[in-house]
Amino acid sequence: MRISEVSKKYNLTTDTLRYYEKIGLLKDVPRNKGIRDYDEITCQRIEFIKCMREAGVEIKLLKQYFDLYDQGPSTVSARKELLQEQRKRLLEKQRSIQETLERLNYKIEKCEEEENHGKI
């Protein structure tokens, strides 16, 4: 799959994909006559990166994770530890967002009560 197709499929700019390659998140992107030809394995990595980035995981951590991953099975424990720490951070963020939503819902209810106060 060419870079333009991958860009469209994952809603990422071609510049972003090239950047990920430049910093080592995407290594050894297959090429056909010099043109990037993304394979299934590379696309799976892109999906993972995109998912993690949308959740707020920093590029630095993803780089760490993939550096470990590329070293092979001996790094499973270290990778698991990184992922567990990210899960913990996301759960904390989720709790914070839930509290904010509850506060907003309360304020919206109060506004609606005020709007309807004078109506019969």
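Modeller: A polar contact here is a pair of N or O atoms within 3.5 Å. Keep in mind that the model is predicted.

Colleague: Is Thr75 buried or exposed?

Modeller: Leaving out residues up to four places away in sequence, Thr75 touches Leu68 and Tyr69. The cut-off for buried is under 20% relative accessible area. Thr75 has a relative accessible area of 6%, so the residue is buried.

Colleague: Which side chain does a polar contact of 2.6 Å join to that of Glu21?

Modeller: Glu21 lies in helix H2 (residues 14-22). Not counting residues up to four places away in sequence, Glu21 touches Leu26, Val29, Arg31, Arg36 and Tyr38. The polar contact of 2.6 Å joins the side chain of Glu21 to that of Arg36.

Colleague: Does Glu21 count as buried or exposed?

Modeller: Buried means under 20% relative accessible area. Glu21 has 18% relative accessibility and therefore counts as buried.

Colleague: How many disulfides does the structure hold, and how far is Cys43 from the nearest cysteine sulfur?

Modeller: A disulfide is a covalent bond between the sulfur atoms of two cysteines. The structure holds 0 disulfides. Cys43 is in no disulfide, and the nearest cysteine sulfur, that of Cys51, is at a distance of 15 Å.

Colleague: What is the relative accessibility of Cys111?

Modeller: Cys43 is buried, with a relative accessible area of 2%. Cys111, in contrast, counts as partly exposed, because its relative accessibility is 47%.

Colleague: How is H1 oriented to H2?

Modeller: The axes of helix H1 (residues 3-10) and H2 come within 9 Å and cross at roughly 105°. Angles of 65 to 115 degrees count as roughly perpendicular. H1 is therefore, relative to H2, roughly perpendicular.

Colleague: How do the residues of the contact of H1 with H2 divide into nonpolar, polar and charged?

Modeller: On the H1 side the residues are Ile3, Ser4, Val6 and Ser7. They meet Thr14, Leu17 and Arg18 in H2. The residues of this contact divide into 3 nonpolar, 3 polar and 1 charged.

Methods
Residues numbered from 1 in each chain as written. Predicted model: local features only at pLDDT ≥ 70, side-chain atom pairs only at ≥ 80, totals over all residues. Heavy atoms only, no water. Helix = DSSP H or I, 4+ residues; strand = E, 2+ residues; numbered from the N terminus. Buried < 20%, exposed > 50% of the residue type's maximum accessible area, 1.4 Å probe, protein only. Polar contact = N/O pair within 3.5 Å; in protein donor to acceptor, adjacent residues only side chain to side chain. Contact = heavy atoms within 4.5 Å. Disulfide = S-S within 2.5 Å. Axes fitted to C-alpha atoms, helices over the stretch in contact; angles between N-to-C directions. Parallel < 35°, antiparallel > 145°, perpendicular 65-115°, else oblique. Nonpolar A, V, L, I, M, F, W, Y, C, P; charged D, E, K, R; others polar.
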